[in-house]
Amino acid sequence: MGFAWRQVPPTEPCEIAYVQSPAGAPQARLCIQANPAAWADRAKPLQQIAQMNGLMYPVYRDEYTKPTLYRTSNQVICERDLVFDLFWLVTGQIEQSLPRGRHGFFVLTDNVSARAMLRQALGSHLIRWLERQLRELRCYPFVPRWQADYIAAACVSHDVDYPQVIRWLEPFRILSRHNGRGLALALEVLCGKRTHWNFRAWVEMEQRLQTRSAFYFVPPQGSLWKRATGTPDPFYDITSPPFGELFRFLQGEGFEIGMHASYRAFTSLAKLVAEKQRLEQASGVTVVGNRHHYWHLNPRDVEETLWFHEQAGFCYDTSLFHDRYVGWRRGLAYPFFPFHQRQRRELKTLQIPTAWMDDQLFGQKEANPGDRWEIVRQLAETVLEHQGCLMIDVHDYVFDEQLFPGWRQTYQDLWEYLAHQRGVWFATPAQVAHHWHARYVQILKASEGLTLGLL
């Protein structure tokens, strides 16, 4: 929210108190009642859904309830433990009860409630709700979310998965994707007349949109054999001359080079660090951002992978996402510092949540039913409402409208739509991360107390 704070004893006057009973903070203007039973049971599957100000969000009780605010002569009291609700969302407690499929991904196809929660950014809704209560109490944000006159941010990133087509293989993929009607396109690819090397076209288009994107590259080179044996990494070699020229071109145009950690990078810190070093040596830049290939975090211990990011020295990561489902996996449309539960502290690597990947609306339509444009427009509206950050993922190889009809155009239409809204900051993920880090430090320096677990 941007508020600086000063911790005081419970008996002193204050704006907000988090207590089991309002009697424990008699001079607090706003009391949020803590529920110790919820914290004790947080590891259990929490399936109930409650209604709050018109939006759905998870609760820990067995009945449907509304967060009740009531006033005494000198206090406003919230009977719901909103602190727990936010903790429950952002630390992914619900994920302990979800089934998993291939690659360790969660399966939400039959879980309508969980899928609806993703698109609503419910954690951001809680934050904005609380912010409105504090504003009514004449508290004002100390540090704005965004610089200048911006009210929201938007970032686009490209996973570089298939920049160099395998000419004998790709025609079969085209025929399959176009239901046998892409023979002419398949022949053009087979003859080398049509490729996936569209980096200059991406740059020119995004410059027209007055935006700069990030391109994430996989450091180790994969192969058909590795893919067949369970390691589906891309086939390109970042140390080859074409990629050296590409890195120089992207840097010269002001675009970001980030890392697309390999499929098995999550298995060890040493592997992640080695990949980062390899990309930095090949590109000549310090790599500050990362996203895991196939969104492949440790399926048994996500927080271990997030801790690896900190130890490897990444400024930000964008991997907390559901491969198949549109929306915010941890309920936040804001960048945030993940909380490591065993270490009881925030991690230093910022998480910039991804809201949408192109394949979800084209290759996985059954998991995201509805009009494509309406889905992405609603994501944009949610970010604007919450003053958040819209991060999207568009693959490098989908620029060609003939090969991938509608993929690039959906992104372009979304960015043009946002450009017509007032106050959207189009930035690279690294720019957003540096801003959010600096803002956080500024808030901490202006605050006193409540330091446990903070950076």
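Which residue forms a salt bridge with arginine 278? The partner is aspartate 237, with the closest N and O atoms 3.3 Å apart. A salt bridge here is a side-chain nitrogen of Lys or Arg within 4 Å of a carboxyl oxygen of Asp or Glu.

## About the model

This is a predicted model, in which local features need pLDDT of at least 70 and side-chain atom pairs count only at pLDDT 80 or more, while totals for chains, interfaces and linings use all residues. Residues are numbered from 1 along each chain as its sequence is written, and side-chain values use heavy atoms, with hydrogens and water left out.

## Salt bridges

The structure holds 20 salt bridges. Let's return to the opening pair. Arginine 278 is partly exposed at 32% relative accessible area, and aspartate 237 is partly exposed at 22% (buried means under 20%, exposed over 50%, partly exposed in between, with a 1.4 Å probe and protein chains only).

Another pair joins aspartate 393 to arginine 291, again with the closest N and O atoms 3.3 Å apart.

## Aromatic pairs

A search of the whole structure finds 28 aromatic pairs. Rings of Phe, Tyr and Trp (its six-membered ring) pair if their centres lie within 6.5 Å; planes under 30 degrees apart count as stacked, over 60 as edge-to-face and the rest as tilted. Phenylalanine 217 and phenylalanine 243 are edge-to-face, at 6.3 Å centre to centre and 85° between the planes. Phenylalanine 217 belongs to strand S8 (residues 214–217) and phenylalanine 243 to helix H9 (residues 241–252), 26 residues apart. Both belong to a cluster of linked ring pairs that also includes Trp197 and Tyr236.

Tyrosine 411 and tryptophan 415 sit about one turn apart in helix H14 (residues 407–419). Tyrosine 411 is buried at 0% relative accessibility, and tryptophan 415 at 1%.

## The nonpolar cores

The largest nonpolar core has 68 residues, and Phe217, Leu390, Tyr411 and Trp415 have the most contacts inside it. Such a core is a set of buried Ala, Val, Leu, Ile, Met, Phe, Trp, Tyr and Cys residues joined through side-chain atoms within 4.5 Å. Apart from this core lies another, of 30 residues, among them Leu332 and Tyr440.

Key. Helices (H or I, at least four residues) and strands (E, at least two) are DSSP runs, numbered from the N terminus.
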